Amino acid sequence: MSGLIEKDLRLTLTRKQTLLIFLIMAFFMGASIDGAFIVSYLTMLGTIIAIGTITYDEYDNGYAFLMTLPFDRKTYVKEKYLFSLLMATASWIFGMIVYVIFSIIRHDPMFMDNTLELLVMLTGMIPVVYLCSTFMIPLQLKYGSERSRTVLFIIYGIIAVIAIGARSLLNGVDNPFAGLDLALNSIPPYVILITLFVICAILTYVSYLISVRIMEKKEF
Amino acid sequence: MLNVEKIVKNYGDFRLDVSFEIPDGTVTGIVGKNGAGKSTTIKLILGLIRPDEGHVYINGKEASQLSGKDKQELGVALSESGFSSYLCIKDIIVILRKMYPDFDEKFFTDNCNIQKLPFDKKIKEFSTGMRAKLRVLVAISHKAKLLIMDEPTAGLDVEARNDILDLLRKYLADNEDCSILLTSHISSDLEGLCDDVYLLNDGKIILHEDTDTILSNYGVIKVDEEMYEKLDKTLILSSRKDHYGYQCFTNDRKFYAENYPGIVIENGSIDDLILMMTGGK
């Protein structure tokens, strides 16, 4: 497992220039955009970069040799989920540092007045963004980097259609979710945070089982 | 060490159907033309593809069920696949160190230096020969008990081929109980290395013989049409017509040398074996 993480880390670092540009962009975003956008942006970026290592693995028929190295297919899948989590967490920490520093410099009242609540809320960004991995990893393993992108666009399209459709249907009717919204607001933030982590853990486990099945069936 | 029991794999019209065994400390070659099924056999052994029928056992364990620890005993070099070409040797050293407890870093770095492989250059900038040398070095750097090499010398010039064969010979000398399975269509490479050879044609093994026997007993008889008619063909494995008469492949050239004085007989080679057994009439 540690060898695989080392490989993915080194593959990620081969894109030093791209990473540097992203970090500079993040720095300027932190300086110019109010709010915590920078945290979600960087966490998302870290996750996408981590999943991108699957593309490197499959490039140039690389899987065949990779699967002769001393680990089984289950370990390979496990490592992808773990590496995504590590990258998401590391990017989140970096994003938080940038966000906190600029908020203090700017004397952001939103940050100053609700520091603890904001930090708890922003911690929730990790499971929310990580959910992206639970979709992307099995898709990428099943369809490869090119086709999985198309499948993902289709899924996003369907979600958008459903969302817009639901919105137009509910237009003019009393919003049935208004009560839910109110109820959610009354729940303490740490309960929401724990719930998010639990949901994320369950979905990740289901996604992991699907990914293992895909990998076990795969021929190289 | 390796036991291939009646494995069958179908790809459309192509059907691979082979059985063989590689005992401990043996170097075995699989030869055959392009498309004969050599790479498919290797992939089945490594569990990269699943057989439709049959089993592959490595040290008594089903190949597809090998654990990470079991795989540490394998050293693999594939013809068209290796570490990501975006990595450099410096990266690979760290990865191998973490993957194989028996990784011999000094052996690996020394040999990379001897073969003039740059440590900081990305593999995608390597020449074909450099990539092939690196693949073999990776396979032999962690004291593997079974080396599996698919066309390790394909597409290389004579010098690079010799370098790779020398690496393998040295590995064998240092690790006597190690077994090697390698495929090639450049059979002269195998003559100085393999104890026995399997000839694969159209997905089937059509001949299995010790290399020494091929080199000492097999031969190509060259005769005109008249002599061909008179020739006792009981020990002729295959024959083909050419511009000057007939070429006949025999597994007992001494018999013909003794019984047909003056007849032209050339010593047999694995190249002749492939040519005559898979292309003859």
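Residues are numbered from 1 along each chain as its sequence is written, while chains are lettered from A and ligands numbered from 1 in the order in which they are written. Because this is a predicted model, local features need a pLDDT of at least 70 and side-chain atom pairs count only at pLDDT 80 or more, whereas totals for chains, interfaces and linings use all residues.

On confidence, the model scores ipTM 0.84 and pTM 0.84. Chain B averages a pLDDT of 88, with 99% of the residues at 70 or above; pLDDT is the predictor's confidence in each residue, from 0 to 100. Within chain B, helix 3 has the highest confidence, at 95, and helix 11 (residues 270-279) the lowest, at a mean of 78. Where pLDDT is low, the predicted coordinates should not be read in detail.

Let's take chain A. Its secondary structure comes to 10 helices and 0 strands. Helices here are DSSP runs of H or I with at least four residues, strands are runs of E with at least two, and both are numbered from the N terminus. The C-alpha atoms of chain A fill a box of roughly 55 × 45 × 30 Å along the principal axes. Of the 220 residues in chain A, 28% are buried, where buried means 20 or more other C-beta atoms within 10 Å of the residue's own, exposed means 12 or fewer, and partly exposed is in between, with C-beta atoms placed from the backbone. Among contacts in chain A with a separation of 6 or more, 88% link residues 24 or more positions apart; a contact is a pair of residues whose C-beta atoms, placed from the backbone, lie within 7 Å.

One helix pair is worth a stop. Helix 1 (residues 2-13) and helix 3 (residues 37-58) of chain A pack at about 100°, with axes 10 Å apart. Those axes are lines fitted to C-alpha atoms over the stretch in contact, and the angles run from 0 to 180 degrees between N-to-C directions. The two helices of chain A are therefore roughly perpendicular, since that label covers 65 to 115 degrees, with under 35 counting as roughly parallel, over 145 as roughly antiparallel and the rest as oblique. Asp8(A), Leu11(A) and Thr12(A) from helix 1 meet Ile49(A), Thr53(A) and Tyr56(A) from helix 3. By class, that contact has 3 nonpolar, 2 polar and 1 charged residues. Here Ala, Val, Leu, Ile, Met, Phe, Trp, Tyr, Cys and Pro count as nonpolar, Asp, Glu, Lys and Arg as charged, and the others, Gly among them, as polar.

Further along, Asn61(A) sits in the loop between helix 3 and helix 4 (62-66) of chain A. Its phi is near 60°, a positive value in a residue other than glycine. Most residues other than glycine have a negative phi. With 14 C-beta neighbours inside 10 Å, Asn61(A) counts as partly exposed.

Now for the strands of chain B. Strand 1 (residues 2-11) and strand 4 (residues 53-58) run antiparallel, joined by 5 bridges; strands pair if DSSP finds at least two bridges between them. In this pairing, Glu5(B) stands opposite His55(B). Lys6(B) counts as exposed because it has 11 C-beta neighbours inside 10 Å. Strand 4 also forms a hairpin with strand 5 of chain B, with 2 residues between them, and Asn59(B) in the turn has a positive phi of about 50°.

Strand 6 (residues 74-77) of chain B has Leu74(B) and Val76(B) pointing one way and Gly75(B) and Ala77(B) the other, all of them buried. Strand 6 pairs in the parallel sense with strand 7 (residues 146-150) over 4 bridges, and Val76(B) stands opposite Ile148(B).

Finally, where do the chains meet? 25 residues of chain B are in contact with 23 residues of chain A. Helix 3 of chain B gives the most to its side, with 5 residues, and that side divides into 13 nonpolar, 7 polar and 5 charged. Leu48(B) touches both chains: Ala64(A), Met67(A), Glu219(A) and Phe220(A), plus Lys43(B), leaving aside residues up to four places away in sequence. Leu48(B) has 24 C-beta neighbours inside 10 Å and so counts as buried.

Technical notes. Two residues are in contact if their C-beta atoms, placed from the backbone, lie within 7 Å.
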